[in-house]
Amino acid sequence: MTSPSDRMSPEERRAGASLASIFALRMLGLFLILPVFSVYAKTLPGGDNLALVGFALGAYGLTQAVFQIPYGIASDIFGRKQVIVIGLLLFALGSFVAAWAPDMTWIIVGRVLQGAGAISAAVTALAADLTREEHRTKVMAMIGSSIGLVFALSLVGAPLLYGWIGMGGLFCMTGGLALAAIVLLLKAVPPAPPPHGHEKLPLRRVVFDADLLRLNLGIYVLHLVQMAMFVVLPHALVNHGGLPAASHWMVYLPAVLVSFAIMVPAIIAAERKDKMRPIFRAAVALLVIVQLGLLAFGQSLWGLALWLLLFFVAFNVLEATLPSLVSRTAPPAAKGAALGVYNTTQALGLFTGGALGGYIAQHLGDNAVFAMCAGLLLIWLVVTNSMNFPQRRVPPAAAQTV
């Protein structure tokens, strides 16, 4: 029998669900661009240069990396919600600039402005403020899972929406979703605790902590690979699969549905049955296999569909578990700093993946992108062998009955 303290309170559930929804609204708008942007870019001046296209995709991550830690510090001084509102307004402004953009230069300006709304650290810090220590991992996992979910949904919905409203409409929708997230923040998220004033973050301890370094390497590689892949995959579906952009949902929808059916039991086993290490390492190994499969057997529609399915399974498992592991691994006095560094490395991965993937595709071809991704994932797989995985916390009542 569990005590009331072993369960999340209604306010904690409300905080977790609403903050995960805010993340989801912002990331859905961001991810909707990803599957179709390289196809749309060809219609703009400068869009035939894949290196420039990759930089436009990754520019968001560059400014995210610059502003994550400052936003986290500002949220300590001025309050979480105020900083989140400012970030969402900047993100919306960048979306509307990109919707209007007449060429690739202005697209990049819009993406830079989007990235300047770097609210991830402030949102996760607010989640930590509003939940007890024993339930914080659950809330972080909810937020992480929301990112994986909206990424999958965007891959299904983007080609359809692109066919209906075009890229300008997609960017306008992105701005509208950011504004909707502000309303949700102010109306649904429980009141935030007052700001504590300026406190020096123990960044050195966080940055050089060995376990956190391994986790930060992981999120960097994961998002680098994600962004680099989707510089070239839309073209592969057109060229090798014979599918126009508006029909890509025919591949994405079955892959997404099946991947979630596989991913959910894996997450449950990892969290409840102390199987985090084997499931985490298996997901990284699966990503390696996906890149090698795309390299050797990605020249047909069925081949691309299979590798995309397996990619979604592994990506969603890792996207849900990595922030949970960071929140459990970080020193109690440095969770905000740890999440700021984590989100910074995630953003750097987005930028590097877009810029490097576009450059390599432009000069060496699509297969070189998959080879690079496979090599980086192999390095990560080796690193996971030395990772420390926190054990599942046993509730006091359960411990007494053992």
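This talk walks through the core, the salt bridges and the aromatic contacts of one structure. Keep in mind that the model is predicted.

Let's start inside. The largest nonpolar core has 134 residues. Three of them touch the most other members: Phe37, Phe230 and Trp380. Which helix gives the most to this core? Helix 7, residues 133-188, with 18 residues.

Now take Phe37. Set aside its neighbours within four places in sequence. Phe37 is then in contact with Val53, Ala56, Leu57, Met104, Ile107 and Met167.

Next, aromatic pairs. The whole structure holds nine of them. One is formed by Phe37 and Tyr40. This pair is tilted, with 6.4 Å centre to centre and 50° between the planes. Both residues sit in helix 2, residues 37-41. They are three residues apart, about one helical turn. Are they buried or exposed? Phe37 is buried, and Tyr40 is buried too.

Now look at Phe280 and Trp380. Their ring centres are 6.0 Å apart. Their planes stand at 85°, so this pair counts as edge-to-face; the cut-off for that is over 60 degrees. Where do the two residues lie? Phe280 is in helix 11, residues 276-297, and Trp380 is in helix 14, residues 366-384. So the pair ties together parts that are 100 residues apart in sequence. Phe280 is buried, at 1% relative accessibility. Trp380 is buried as well, at 1%.

Together with Phe311, Phe312 and Phe315, Phe230 forms one aromatic cluster.

On to charges. Side chains of opposite charge can pair when their charged atoms come close. How many salt bridges are there? The count is two.

Start with Arg80 and Asp129. Their side chains meet at 2.7 Å, N to O. This pair links distant parts of the chain, 49 residues apart. Arg80 is in helix 4, residues 80-100, and Asp129 is in helix 6, residues 120-129.

Asp211 is partly exposed, at 21% relative accessibility.

One last contact. The charged end of Arg26 sits over the ring of Phe91, 6.0 Å from the ring centre.

How values were computed:
Residues are numbered from 1 along each chain as its sequence is written. This is a predicted model: local features need pLDDT of at least 70, side-chain atom pairs count only at pLDDT 80 or more; totals for chains, interfaces and linings use all residues. Side-chain values use heavy atoms; hydrogens and water are left out. A nonpolar core is a set of buried Ala, Val, Leu, Ile, Met, Phe, Trp, Tyr and Cys residues joined through side-chain atoms within 4.5 Å. Buried means under 20% relative accessible area, exposed over 50%, partly exposed in between (1.4 Å probe, protein chains only). Helices (H or I, at least four residues) and strands (E, at least two) are DSSP runs, numbered from the N terminus. Contact means heavy atoms within 4.5 Å. A salt bridge is a side-chain nitrogen of Lys or Arg within 4 Å of a carboxyl oxygen of Asp or Glu. Rings of Phe, Tyr and Trp (its six-membered ring) pair if their centres lie within 6.5 Å; planes under 30 degrees apart count as stacked, over 60 as edge-to-face and the rest as tilted. A charge sits over a ring if NZ of Lys or CZ of Arg is within 6 Å of the ring centre and within 35 degrees of the ring normal.
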